[in-house]
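Reader: I have a model open on my screen and would like to go through it with you, piece by piece. Could you keep the answers plain?

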Amino acid sequence: MLLFRSDPFGGTHELLPCGLLGGDLVKLFRKRKSKYYWYDFTVRDERYRGSTKETIETRAQKAASLKLAAAIKGSDRLDRKAPPLRQYANDFLRWVETGRLESDTRRYYRNGWRLLEKTKIAGMRMDLITKDEIEKLQFPGSASNGNNALRTLRRMFTKAKENKLVLELPDFALFKEHGRSLRLNDLRSAAH
């Protein structure tokens, strides 16, 4: 929901959710070698600075105001950086062992992490892991084995989002699995 206030000259200005005018709290500026506007503000004695990724001033002001609102609310990842996947795996595996999960599910997630920890993304910060990075992954064995790792990764991202360590989940596809087309019993029957 966006709020606006009128000024004495007949214009309107967007208000932040806290009721304050964004321009009064957020400093917008341009760096010499950047085409983007940058923001600078302080919340709870902590300074936040970064790019709005916007080249138009009004859009940059809105982006900066949203960053400020998220920092005030405490839900923005500006409060803390996302951990590397390997570091977060410790918390995830602790949850796997102590959560209300079936023993087969526990084994499934442990095996999924065993496959993931050997990949390049294990050392990457979670907020930097993209769909493209995930789609480059290769796993030994069948597609089912690779899907075990990818489903574990998806669950790790879901838990990290619940804990407000990442803002969004990368959207990636699983490997195409091919079921069995012939059973051993069928081979014996054909031989007789």
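Reader: In the hairpin of β4 and β5, which residue takes a positive phi?
Author: Arg-44 does, with a positive phi near 50 degrees, and that hairpin has two residues between the strands. Please keep in mind that this is a predicted model, in which local features need pLDDT of at least 70, side-chain atom pairs count only at pLDDT 80 or more, and totals for chains, interfaces and linings use all residues. Residues are numbered from 1 along each chain as its sequence is written, and side-chain values use heavy atoms, with hydrogens and water left out.

Reader: How many bridges join β4 to β5?
Author: Six bridges join β4, residues 37-43, to β5, and the two run antiparallel. Within that pairing, Phe-41 has Tyr-48 of β5 as its bridge partner, while Tyr-39 stands opposite Gly-50 in β5. Two strands are said to pair if DSSP finds at least two bridges between them.

Reader: And what is the strand order in that sheet?
Author: The order is β3-β4-β5, an open sheet of three strands with antiparallel pairing. Its edge strands are β3 (27-30) and β5 (46-51), each of which pairs on one side only. Neighbouring strands are turned by 20 degrees against each other on average, direction ignored.

Reader: Which helix lies across those strands?
Author: Helix α2, residues 57-73, lies across β3, β4 and β5 and runs at about 25 degrees to β4. For such angles, axes are lines fitted to C-alpha atoms, for helices over the stretch in contact, and the values run from 0 to 180 degrees between N-to-C directions.

Reader: Changing topic, how many helices and strands are there in the protein?
Author: There are seven helices and five strands, where helices (H or I, at least four residues) and strands (E, at least two) are DSSP runs numbered from the N terminus.

Reader: Which residues of α3 are buried?
Author: Those are Leu-85, Tyr-88, Ala-89, Phe-92 and Val-96, buried meaning under 20% relative accessible area with a 1.4 Å probe and protein chains only. They pack against α4 (103-116) and α6 (143-162). Over the whole protein, buried residues make up 35% of the 192 residues.

Reader: At what angle do α3 and α6 cross?
Author: Their axes cross at roughly 85 degrees and come within 10 Å. That makes α3 roughly perpendicular to α6, a label that covers angles of 65 to 115 degrees. The contact (heavy atoms within 4.5 Å) includes Trp-95 of α3 and Lys-159 of α6. By class, the contact of α3 with α6 has eight nonpolar, one polar and two charged residues. Here Ala, Val, Leu, Ile, Met, Phe, Trp, Tyr, Cys and Pro count as nonpolar, Asp, Glu, Lys and Arg as charged, and the others, Gly among them, as polar.

Reader: What about α4 and α6, how do their axes cross?
Author: The axes of α4 and α6 cross at roughly 100 degrees and come within 8 Å, which means that α4 is roughly perpendicular to α6. Among the residues making the contact are Tyr-108 and Trp-113 of α4, together with Asn-148 and Arg-151 of α6. The residues of this contact divide into eight nonpolar, six polar and two charged.

Key: Buried < 20%, exposed > 50% of the residue type's maximum accessible area, 1.4 Å probe, protein only. Parallel < 35°, antiparallel > 145°, perpendicular 65-115°, else oblique.
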